[in-house]
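User: I'm new to this one and would like to go through the ligand and its surroundings. Can you take my questions as they come?
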Amino acid sequence: VAALAPAQTLAGLRLLLTAGPTREALDPVRYISNHSSGKMGFALARAAAELGAEVTLVSGPVTLTTPPGVTRVDVESAEQMHAAVMERVRQHDIFIGCAAVADYRPAQISAQKIKKTADNDEMVLQLVKNPDIIAAVGALANKPFTVGFAAETVDVEQYALDKLHRKRLDMIAANDVSRAGQGFNADDNALTVYWQGDRRELPLSDKLSLARHLLDLVADRYRSSRA
Ligand code: CTP
Ligand code: CA
């Protein structure tokens, strides 16, 4: 007897996802990054493929295996992730920005390893802003259904709604990363999902279950938006 397959609520839809951190090089041996593990993005990719979507996953450096049926594109920096997304996004129906993109990168990448100096006990790094990938997707004329994430430590709702509007998203999933055991680099997560005029709480659970619930909402809202 075949195992019960999930309803193919994303059948025929092409979904582009970003996941993981980005790495912003300082010199040949050092970089600036963050604690994102990529687990939430990879769980979304796996769940979306199970729901019948054609999934492309643009991933920063992570130590996770590619879910079955998912096309993976590996990148390191925010600029590379931006290029990889803009190259492909017009061929997709849905875009989900799950990556923890570094907001700033070193203004210069030193070609040689930066040396410690005997006479200087301090070092100042100059950083420049990275492109906002999801805002660039949100600004496209025929943009896909666009879903963002917001990791916040205070005023979660206010910041999430601000990002929903400012980046022209169709939906945003907010998590409170000040709570222990959820969000960044954790196995579990809880999300509050906001869209124009409504919201839904997705309670604390493992990231694959959470991904399935979020994608049910996405499929539902996607169809209402195109109806
Ligand atoms: N994002 C992006 N490109 C960036 C920064 C963020 O695509 N350069 C996306 C993330 O993938 C996420 C959403 O924007 O879907 C929100 O990311 P977040 O870091 O919470 O928002 P920021 O606008 O960077 O604001 P801040 O970090 O100051 O809260
Ligand atoms: Ca940010």
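User: Which atoms of ligand 1 and Asp103 come together, and at what distance?
Analyst: Keeping in mind that this is a predicted model, an oxygen atom of ligand 1 lies 3.0 Å from an N or O atom in the side chain of Asp103.

User: And what about the backbone, say at Pro131?
Analyst: There, a polar backbone atom of Pro131 is 2.9 Å from a nitrogen atom of ligand 1. Phe149 also takes part through its backbone, with an N or O atom placed 2.9 Å from an oxygen atom of the ligand.

User: How much of ligand 1 does the protein bury?
Analyst: On its own the ligand would expose 570 Å², and 77% of that area is buried by the protein.

User: How many residues surround it, and which are closest?
Analyst: Ligand 1 is surrounded by 14 residues, and the closest are Gly97, Ala99, Pro131, Lys163 and Lys167. By class, this shell consists of 8 nonpolar, 2 polar and 4 charged residues.

User: Which element gives the most to that shell?
Analyst: That is β9, which contributes 4 residues to the shell around ligand 1.

User: Switching topic, where does ligand 1 sit?
Analyst: Ligand 1 sits in the largest pocket, and that pocket has a volume of about 940 Å³. Among the elements that give two or more residues to its lining are β1 (14-19), α1 (39-50), α4 (156-166) and β10 (171-176).

User: What lines the pocket nearest its centre?
Analyst: Of the 40 residues that line the largest pocket, Ala99, Ala100, Val101, Phe149 and Ala151 lie nearest the centre.

User: How does the lining divide by class?
Analyst: The lining of the largest pocket divides into 18 nonpolar, 14 polar and 8 charged residues, and β9 gives the most to this lining, with 4 residues.

Key. Residues are numbered from 1 along each chain as its sequence is written. Chains are lettered from A and ligands numbered from 1 in the order in which they are written. This is a predicted model: local features need pLDDT of at least 70, side-chain atom pairs count only at pLDDT 80 or more; totals for chains, interfaces and linings use all residues. Side-chain values use heavy atoms; hydrogens and water are left out. A residue is near a molecule or strand if one of its heavy atoms lies within 4 Å of it. A polar contact is a pair of N or O atoms within 3.5 Å; within protein, one must be able to donate a hydrogen and the other to accept it, and residues adjacent in sequence count only if both atoms are side-chain atoms. Accessible areas come from the Shrake-Rupley method with a 1.4 Å probe; for residues, only the protein chains shown count as cover. On a 1 Å grid over the protein atoms alone, a cavity is a set of points where a 1.4 Å probe fits but cannot get out, and a pocket is an open set with protein on both sides within 12 Å along at least five of seven lines; lining residues have an atom within 4 Å of a point. A molecule sits in a cavity or pocket if more than half of its atoms lie within 2 Å of its grid points. Ala, Val, Leu, Ile, Met, Phe, Trp, Tyr, Cys and Pro count as nonpolar, Asp, Glu, Lys and Arg as charged, and the others, Gly among them, as polar. Grid points are joined across faces, edges and corners, and a volume is the space filled by probe spheres set on the points.
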